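This briefing is intended for reading alongside the sequence and the model. Please keep both in view while going through the points below.

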Amino acid sequence: MPVDIDIAHVAHLARLDLSADELEGYKNQLGLILEHAARVQTLESDATMENAHPLALENRYREDVRRDSLDRDEVLAQAPETRDGYFVVPPALESE
Amino acid sequence: MNWEPVIGIEVHVELMTESKMFCGCAVEFGAEPNTNICPTCLGLPGALPVPNRKAIESIMAIGLALNCEVMPRSVFHRKNYFYADLPKNYQISQFDVPVCVNGYLDIEVDGDTRRVSLERAHMEEDTGKSTHIGEGGRIHSATSTLLDFNRSGVPLVEIVSRPDIYSAAEARAYASGLRAVVAELGVSDARLEEGSIRFDANISIRPRGDETLGTKVEIKNMNSFRSLERAVDYEIQRQIEVVESGGEVVMETRHWDEESGVTRSMRTKEGSSDYRYFMDPDLAPMAMSPQWIDEVRATLPELPGDRLQRYIEGGLEPALAGVLSGSNKEMRDLHDSAVAEGADTREAANWVTGEVTSWARRHGSEDSEIPLTGADLAGLLRLIGEGTVSSSAAKEVLDGVLGGEGSPAEVARSRDLIQITDTSVLESAVDDVLAHNPKAVADYSSGEHKIVGFLVGQVMAATQGKADPRAVNELIRSRLDGS
Amino acid sequence: MTPTTIADAGRRLRSGEVTSVELLDSALAVAARTEAQLHAFLTIDRDQARETADRADADLAAGKDRGPLHGIPIALKDNMTTRGLETTAASQILSGYVPPYNATVVDRLAEGGAVLVGKTNLDEFAMGSSTENSAYGTSYNPWDITRVPGGSSGGSAAAVAAGSALGALGSDTGGSIRQPASLCGVVGMKPTYGTVSRYGLIAFASSLDQIGPLTRTIEDSALVLSTVWGHDPLDATSYPGELPDIMSGFGRGVDGMKIGVVKELSGEGYEPQVESAVSAMVENLAASGAEIVEVSLPSFDIALSAYYLIAPAEASANLARFDGIRYGHRAAGDTTESLMSRTRAEGFGPEVVRRILLGTYALSAGYYDAFYGQAQRVRAAIQEDFARAYGQVDALVSPTSPTVAFAAGARTDDPLAMYLSDICTIPSNLSGHPAISVPIGLDDQGLPIGFQVMASALAEDVMFQVAEEVERLAGFDKTPSLAEVAS
Ligand SMILES: [Mg+2]
Ligand SMILES: [Zn+2]
């Protein structure tokens, strides 16, 4: 089955800023891999896989009890940019 | 053309659990930024979510209160989208098997009851909070964004109505009805101003009589019932104008601007979003057994709609039933227990919503315990009914009881408020007043019968309110008519 | 001579013949001599290790015995978080990242008195079968340093084979413990999904990932496993029930057991020497009294295809959190979105980008059902096939890898050829069942061949029983030339 891939759209969904050349390369590789992967379509089955766990665990919960949070300084020390106890990023949208 | 608006509302309710949805961090409003965070709610590499049982039971309670079916099995999905305040860049939410489906909420609009049908209620986690800073303070001119993840992972229940709301007033009634239910259940702070309840509205218009739905527009950022109503109203008018001037409504998300009272298009980069939902492999399926559902059902308090019904069936006229039903739990319990002690429901309701409530308001203790038992209130009403105290003196008795002076009978006695029932004492008081008011007596004789009220007041004053005004009235009339 | 197994080292520690500090020094000495060629480690914290070893010696002297790993030098794959010690998952995007918390297995190793030698190299985010996808350079095979150690736990396998650790933890998503163990001539086992906590394991594909031991012997494998497994309330997929008594089958042999040879895991693509070594071992097992049957699991033919949809799909979401905001590498950007997209393009290597794109595609609107959805149905079929097989036999056997260690660079330009390295190991990940690779000999180039034993969920006892007999029958006692140089 020929696999049609809008690679730029996929890269955008995945937030990967790739060059046109890189996109072309990945598109070709994905095409080959997906052609192989498309063999899953040879299976005739309407089985569902609600629970992939081999032990079919269900209803795994924790009780509503507080645990200690992390030390803020230790956490913020790993961040590229912080201010007054906050993480900092540039604005969400391009300024007009 | 006659247009019919069709509205669906999505409500996000933050649950008031001790700890977050998938980790042990505190759920706490107003904490220092980034102090209630851990590997899980901060999306650190390697961290895993474990669901909070209390949150699951809370959504089951909400579903049951909203007449939903609790699904026997349910699973969590990942909703994938990138956003700075979403630490994992996916939200753990639910997709095609939510915890609750198919419910309804009855709402009152202009005295009519309408049933709004619900599609589902599902469990998810909240995001962190972004604060945009820079000149102007507006999103478009922001120079940077500050991120606080304290709210990240707080349990959220999303309640989705069907497109079954047909006016801004209904939208408001639905939202406030839903808030009342959630508040009654005690599962959420239900504080709009703190964002613990948030609304999104999907609005479309169609020619009245049409069956098909028009193009819908989603409105976000309404943080009060009033702004919800205004935003919906505005958007309906906007769409009608667009269509009537030959245009077409565009499917989009719009932002309600409270200050200028308009909805504005939100610029989005992606055409349609593709959330790539798939079952979260970190979480086991949930199985809601009939026993578990029954256990949760047994914990449900009486809900506002059921309570109103009960009061009306108990003999209260709808208006008074509505006021009582809307009072706080202290007041309702006081009424209910007074009735259980033999008081008349109407009298008890009048006293509770009148004198007792205003006393509580004066003493700033509306939400705290009222120092009055149902037996006290029933006792007071009995003193009035038996004629032992007058209804005006009864207010003083109440004041004394609330002030901790003793039972109604004790206060009536100690404050000397027991009604004069001895006829000879009354007769002499009446005669005294008539003798001192010859002008009033003359007015009466010339046909001005209203003057009796003045004379009754004089007698009441002379007896310090302890006379029965009805008996005094009768006595005066018989004296004047007979002489 | 310094001990080469955990069991032996444990005995000699307790008899006072060696100290934990001596064991550590010997491991570090091997590392010093071999690292330039092997590059098994990304981080070695000598001071911290020394401190732990000192404490282990003091504790033992004071009569405080923390269990089978007390005082034993252990290496850790660098995709398990260690508080205060850099953890990168071999990715540029986590360069310099120091976690504020420990993975549950790290806490369990510490409670068990183990001495952490260092963090080992891997394919970036455990995506690969050769450890060539590390952002910090390739690891090499101690049996032949022109060849790969396998992957993604290649650093852990190479370290154990060379002797720079007596045991190691790896993670296995599609064979990432067993395949490098096979290529490096050591024992590598993946326990039943849910028996070892994944809390603190940097996720590749959550429904497939499982932590497990790499060791020299079957007994050591059981000793490491017994220290790290067991229920963890911080992992909602962690099994809360009783675990099998894994030592119970040791020394009992396979007489009377029924062992199935998987028909689909042979033939085209399998090296003749691998196939003949595996067949010879099967005959030996028959001679030991096992009843051998050929078993067909037809869905195995499309297991690889299903795996290369499911694993990347989960990975595409698991790796979304690496966005340059809260930790790790950040690229410049005027907006949050450009910052994220550039950070990710710069920070992830090509194999990771490839799998993120693949997984994103497989989940996207219009393709979900034909790809991801259908892959899940294949997964169900594989579980059914296994269930049918385990209705007939106690254990299944096959080669671990269709080939011995391949030359570095041989498969880097052909992702599909690389993916085929895991064809024998992937089914047990899709089913969540335990499986182990046991070295059974060398081919005529002197490269190790691994034999895989698979068993049903929570049947680690059965798996170890067969594996121990395989180990005994193979009598494999060779060490790689590099290790011999070292000792
Ligand atoms: Mg939502
Ligand atoms: Zn947390």
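B:C38 counts as buried because its relative accessibility is 8%, where buried means under 20% relative accessible area, exposed over 50% and partly exposed in between (1.4 Å probe, protein chains only). The model is predicted: local features need pLDDT of at least 70, side-chain atom pairs count only at pLDDT 80 or more, and totals for chains, interfaces and linings use all residues. Residues are numbered from 1 along each chain as its sequence is written, chains are lettered from A and ligands numbered from 1 in the order in which they are written, and side-chain values use heavy atoms, leaving out hydrogens and water.

**Zinc site**
- B:C23, B:C25, B:C38 and B:C41 coordinate the zinc ion (ligand 2) through their SG atoms at 2.3 to 2.4 Å; donors are N, O and S atoms within 2.8 Å of the metal (3.2 Å for Na, K and Ca).
- The arrangement is tetrahedral because the 4 donor atoms subtend angles of 101 to 117 degrees, the criterion for four donors being that all angles lie between 85 and 135 degrees.
- The donor residues follow the spacing C-x1-C-x12-C-x2-C in sequence.
- B:C41, at 5% relative accessibility, also counts as buried.

**Domains**
- Chain B is assigned domain 1 (3-296), domain 2 (304-390) and domain 3 (423-481), with bounds from an automatic or database domain assignment.
- The C-alpha centres of domain 1 and domain 2 of chain B are 37 Å apart.

Methods. Four donors count as tetrahedral if all angles lie between 85 and 135 degrees; four count as square planar and six as octahedral if opposite donors are over 155 degrees apart and all others between 65 and 115; anything else is irregular.
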